[in-house]
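Colleague: Hi! Could you walk me through this one?

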Amino acid sequence: VDKVAEGKPDDYLKMYQMNVLGILHMVRAFAEALRQNGYGTILNLTSTAAEHGYEGGAGYNAAKFGARGLTEALRLEEAENNIRVIEICPGMVHTEEFSLNRLGSKEAAERVYAGVEKPLTAEDVAQTVTFALNVPHHVNLDRITIRPVAQPSQFKVIRKEG
């Protein structure tokens, strides 16, 4: 949540390693087997944070922008090998771990979702992944953005008082 001028290089490096190099390592481990098989699917979860930067999110934004760029390049590189490359970009997903890790306290994490009627759940994302993987192989869902109705854009969240 640091502003760029106060950003901690180690935090940025961890986010980059997980979000970009993690994809790289997995692709390197499995791409050749998918090619030999004659078809396959690689699905990467990025985030709506890959669409627009926001205050206090630069490290996460940069990591997710990097993951998006890698995914787009991979799609171009592997299409001739009959490998689909799908990107799923969740918006506001209510999980205990993500906001707690990001913000450091349960109270701060709960404020992210305060008043939001029906934020997405991990199950919503899992159902979207399942759908994307089960369409016929000749169909490639390049990018799926999934948000709760209460989050019509990255910068608008509808909160009910109560």
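This is a predicted model: local features need pLDDT of at least 70, side-chain atom pairs count only at pLDDT 80 or more; totals for chains, interfaces and linings use all residues.

Colleague: What does T128 touch?

Modeller: Leaving out residues up to four places away in sequence, T128 touches I88, I144 and I146. T128 itself is found in helix α5, which covers residues 122-134.

Colleague: Why does T128 count as buried?

Modeller: T128 has a relative accessible area of 15%, and buried means under 20%, so T128 falls on the buried side of the cut-off.

Colleague: New topic: salt bridges. How many does the structure hold?

Modeller: Nine salt bridges. The general idea is that side chains of opposite charge can pair when their charged atoms come close.

Colleague: Which residue does E32 form a salt bridge with?

Modeller: E32 pairs with R35, and their closest N and O atoms are 3.1 Å apart.

Colleague: Is E32 buried, exposed or partly exposed?

Modeller: E32 is partly exposed, with a relative accessible area of 41%. R35 is partly exposed too, at 33% relative accessibility.

Colleague: What about R68 and E87, how do their side chains meet?

Modeller: In a salt bridge, with 3.0 Å from N to O. R68 lies in helix α2 (residues 58-78) and E87 in strand β2 (residues 83-90), so this pair ties together parts that are 19 residues apart in sequence.

Colleague: And are those two buried or exposed?

Modeller: R68 counts as buried at 10% relative accessibility, and E87 is buried with a relative accessible area of 0%.

Colleague: How do the side chains of E72 and R143 meet?

Modeller: Also in a salt bridge, at 2.4 Å from N to O. That pair links distant parts of the chain, with E72 in helix α2 and R143 in strand β3 (residues 143-146), 71 residues apart. E72 is partly exposed at 34% relative accessible area, and R143 is partly exposed at 36%.

Colleague: Which residues are linked with E72 in a network?

Modeller: R68, E87 and R143: together with E72 they are linked in a network of salt bridges.

Colleague: Helix α2 keeps coming up. How many residues has α2, and how far does it reach?

Modeller: α2 has 21 residues and reaches 30 Å from its first C-alpha to its last, close to the 30 Å expected at 1.5 Å a residue. Its buried residues include Y60, A63, A67, R68, T71 and L74.

Colleague: Last one: where does E96 lie?

Modeller: E96 lies in helix α3, residues 96-103. E96 is exposed, with a relative accessible area of 54%. The C-alpha atoms of E96 and K106 are separated by 8.1 Å, with the two residues 10 apart along the chain.

Colleague: Great, thanks!

Notes: Residues are numbered from 1 along each chain as its sequence is written. Side-chain values use heavy atoms; hydrogens and water are left out. A salt bridge is a side-chain nitrogen of Lys or Arg within 4 Å of a carboxyl oxygen of Asp or Glu. Buried means under 20% relative accessible area, exposed over 50%, partly exposed in between (1.4 Å probe, protein chains only). Helices (H or I, at least four residues) and strands (E, at least two) are DSSP runs, numbered from the N terminus. The expected span of a helix is 1.5 Å times one less than its number of residues. Contact means heavy atoms within 4.5 Å.
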